[in-house]
Amino acid sequence: MHQRLKRHWSALSRGTPGRRFQDRYAKAKKARAEGSWRKRVQRVLLLFVALGAAVIGVFLMFLPGPAILFYFIAGTLLASESLTLARLMDWGEVRFRALWKWSKRHWEETPGWGRAAIIALVVCVSVTSTYLSYRLFVR
């Protein structure tokens with residue numbers, strides 16, 4: 001199972017940005033056409049794993065980092081089942097790469113005191129949102 005996941009991840013990472021999820025969908029659609037009993041069971045299990053990752057993401061959404069990872073996992077798994085979601089993931093990947101490149105360039109140009117201020121702001125917003133979420137849902 002571990003080797004199989006590594007192969008799938010490797011194939012996904014080798015794909016062309018902006019097309020990789022649609023290509024994965026096309027490959028999965030071709031495999032579905034074969035329609036063996038084992039493939040159907042794997043497909044159902046994949047949907048349950050994707051749903052589980054999305055639910056975990058919902059519970060972790062008040063923490064800034066971990067929820068994004070689980071949403072990405074769920075989206076990646078579900079993109080092999082939905083062409084619309086595959087297109088959305090490809091669109092989002094291209095936009096995210098552009099934003100990441102822009103952010104990285106500006107981060108490197110920002111002086112040390114500016115970086116410290118940005119980090120302090122992010123920490124304050126994270127702590128505040130976590131506290132407010134706790135107060136909202138625990139009370």
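Reader: How many salt bridges does a search of the whole structure find?

Author: The model is a predicted one, and the pairs that count here are those in which a side-chain nitrogen of Lys or Arg lies within 4 Å of a carboxyl oxygen of Asp or Glu. When the whole structure is searched in this way, the number of salt bridges found is three.

Reader: Which residue forms a salt bridge with arginine 20, and in which helix does that residue lie?

Author: The closest N and O atoms of the pair are 2.9 Å apart, and the partner of arginine 20 is glutamate 93. The pair links distant parts of the chain, since the two residues are 73 residues apart, with arginine 20 in helix H2 and glutamate 93 in helix H5.

Reader: Is glutamate 93 buried or exposed, and what is its relative accessible area?

Author: The cut-off for a buried residue is a relative accessible area under 20%, and both arginine 20 and glutamate 93 fall in that class. Glutamate 93 is therefore counted as buried, and its relative accessible area is 13%.

Reader: Which residues are linked in a network of salt bridges?

Author: Besides its pairing with arginine 20, glutamate 93 meets the side chain of arginine 97 in a salt bridge of 3.2 Å, N to O. Glutamate 93 and arginine 97 both lie in helix H5, four residues apart, which is about one turn of the helix. Residues three or four places apart in an α-helix point the same way, because the helix has 3.6 residues a turn. The network is made up of Arg20, Glu93 and Arg97.

Reader: Why does arginine 97 count as partly exposed?

Author: Partly exposed is the class between buried, under 20% relative accessible area, and exposed, over 50%. Arginine 97 is placed in this class because its relative accessibility is 44%.

Reader: Which residue meets arginine 19 in a salt bridge, and what is the relative accessible area of that residue?

Author: The side chain of arginine 19 meets that of aspartate 23 at 3.2 Å, N to O. Arginine 19 is partly exposed, at 39% relative accessibility.

Reader: How are H2 and H5 oriented to each other, roughly parallel or roughly antiparallel?

Author: Helix H2, residues 20–34, and helix H5, residues 83–109, pack with their axes 7 Å apart and at an angle of about 155°. Angles over 145 degrees count as roughly antiparallel, and so H2 and H5 are described as roughly antiparallel.

Reader: How many residues of the contact of H2 with H5 are nonpolar, polar and charged?

Author: On the side of H2, the residues that take part are Arg20, Phe21, Gln22 and Tyr25, and they meet Leu83, Ala86, Arg87, Met89, Asp90, Glu93 and Arg97 in H5. Sorted by kind, the residues of this contact are five nonpolar, one polar and five charged.

Reader: Which residues does phenylalanine 72 touch, not counting residues up to four places away in sequence?

Author: Phenylalanine 72 is found in helix H4, and it is partly exposed, with a relative accessible area of 35%. Its C-alpha lies 19 Å from that of lysine 101, which is 29 residues away in sequence. When residues up to four places away in sequence are set aside, phenylalanine 72 touches Trp9, Phe21 and Met89.

Reader: Against which helix do the buried residues of H3 pack?

Author: Helix H3, residues 37–59, has 23 residues and reaches 34 Å from its first C-alpha to its last, close to the 33 Å expected at 1.5 Å a residue. Its buried residues are Ala50, Ala53 and Gly57, and the helix that they pack against is H4.

Reader: Which residues of H6 are buried?

Author: Helix H6, residues 112–138, has 27 residues and reaches 39 Å from its first C-alpha to its last, close to the 39 Å expected. Isoleucine 118 has its place in this helix, but it counts as partly exposed because its relative accessibility is 40%. The buried residues of H6 are Gly114, Ser126 and Ser133.

Note on methods:
Residues are numbered from 1 along each chain as its sequence is written. This is a predicted model: local features need pLDDT of at least 70, side-chain atom pairs count only at pLDDT 80 or more; totals for chains, interfaces and linings use all residues. Side-chain values use heavy atoms; hydrogens and water are left out. The expected span of a helix is 1.5 Å times one less than its number of residues. Buried means under 20% relative accessible area, exposed over 50%, partly exposed in between (1.4 Å probe, protein chains only). Axes are lines fitted to C-alpha atoms, for helices over the stretch in contact, and angles run from 0 to 180 degrees between N-to-C directions. Angles under 35 degrees count as roughly parallel, over 145 as roughly antiparallel, 65 to 115 as roughly perpendicular and the rest as oblique. Contact means heavy atoms within 4.5 Å. Ala, Val, Leu, Ile, Met, Phe, Trp, Tyr, Cys and Pro count as nonpolar, Asp, Glu, Lys and Arg as charged, and the others, Gly among them, as polar.
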